[in-house]
Amino acid sequence: MYGAMVARTMIVLVVFPVGVHAIYTVVSMLLGFVLPLLLATANTWSELLGKGLAGATFLVAVGGSFRVCRRLWPTALVR
């Protein structure tokens, strides 16, 4: 009983934030190489598109980390 509660606490407090940060960092690094080529247009559109891509990258990171944590989540065994 306590083992499952400790596992859930660790997943929520450690695995999920670390997963979001890791995924966001990797995707941002990959977009960092491609983004200057794509945003070589006018300044207003490039800033808006850059902010939008940062927001979309964050949402992708949260979704990916949620999927990983859902797989790690301990469940009760059905007998």
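This is a predicted model: local features need pLDDT of at least 70, side-chain atom pairs count only at pLDDT 80 or more; totals for chains, interfaces and linings use all residues.
Local features were taken only at pLDDT of at least 70 and side-chain atom pairs only at pLDDT 80 or more, whereas totals for chains, interfaces and linings use all residues. Residues are numbered from 1 along each chain as its sequence is written, and side-chain values rest on heavy atoms, with hydrogens and water left out.

The chain contains two helices and zero strands, where helices (H or I, at least four residues) and strands (E, at least two) are DSSP runs numbered from the N terminus. Helix α1 covers residues 2–38, and helix α2 covers residues 43–72. Of the 79 residues, 15% count as buried; the classes are buried (under 20% relative accessible area), exposed (over 50%) and partly exposed (in between), with a 1.4 Å probe and protein chains only. The accessible surface of the chain comes to about 6,400 Å², and 75% of this area belongs to carbon and sulfur atoms. Areas were computed by the Shrake-Rupley method with a 1.4 Å probe, and for residues only the protein chains shown count as cover. Contacts are defined by heavy atoms within 4.5 Å. Among those between residues at least 6 apart in sequence, 86% join residues at least 24 apart.

Beyond its neighbours within four places in sequence, Thr57 contacts Tyr24, Val27, Ser28 and Leu31. A polar atom of the Thr57 side chain also lies 2.6 Å from the backbone oxygen of Leu53. Ser65, likewise located in α2, is buried at a relative accessible area of 2%. With neighbours within four places in sequence left aside, the contacts of Ser65 are Val15, Phe16, Gly19, Val20 and Ile23.

A search of the whole structure finds one aromatic pair. The pair consists of Tyr24 and Phe58 in an edge-to-face arrangement, at 6.5 Å centre to centre and 75° between the planes. Because Tyr24 lies in helix α1 and Phe58 in helix α2, the pair ties together parts that are 34 residues apart in sequence. By definition, rings of Phe, Tyr and Trp (its six-membered ring) pair if their centres lie within 6.5 Å, with planes under 30 degrees apart counted as stacked, over 60 as edge-to-face and the rest as tilted. Tyr24 is partly exposed, with a relative accessible area of 30%, and Phe58 is partly exposed at 44%.

Helices α1 and α2 each supply at least two residues of the patch, and the largest share, seven residues, comes from α1.

Thr75 belongs to the segment after α2. Its relative accessibility of 64% places Thr75 in the exposed class. The C-alpha atoms of Thr75 and Arg8 are separated by 9.8 Å, although the two residues are 67 residues apart along the chain.

Conventions:
A polar contact is a pair of N or O atoms within 3.5 Å; within protein, one must be able to donate a hydrogen and the other to accept it, and residues adjacent in sequence count only if both atoms are side-chain atoms.
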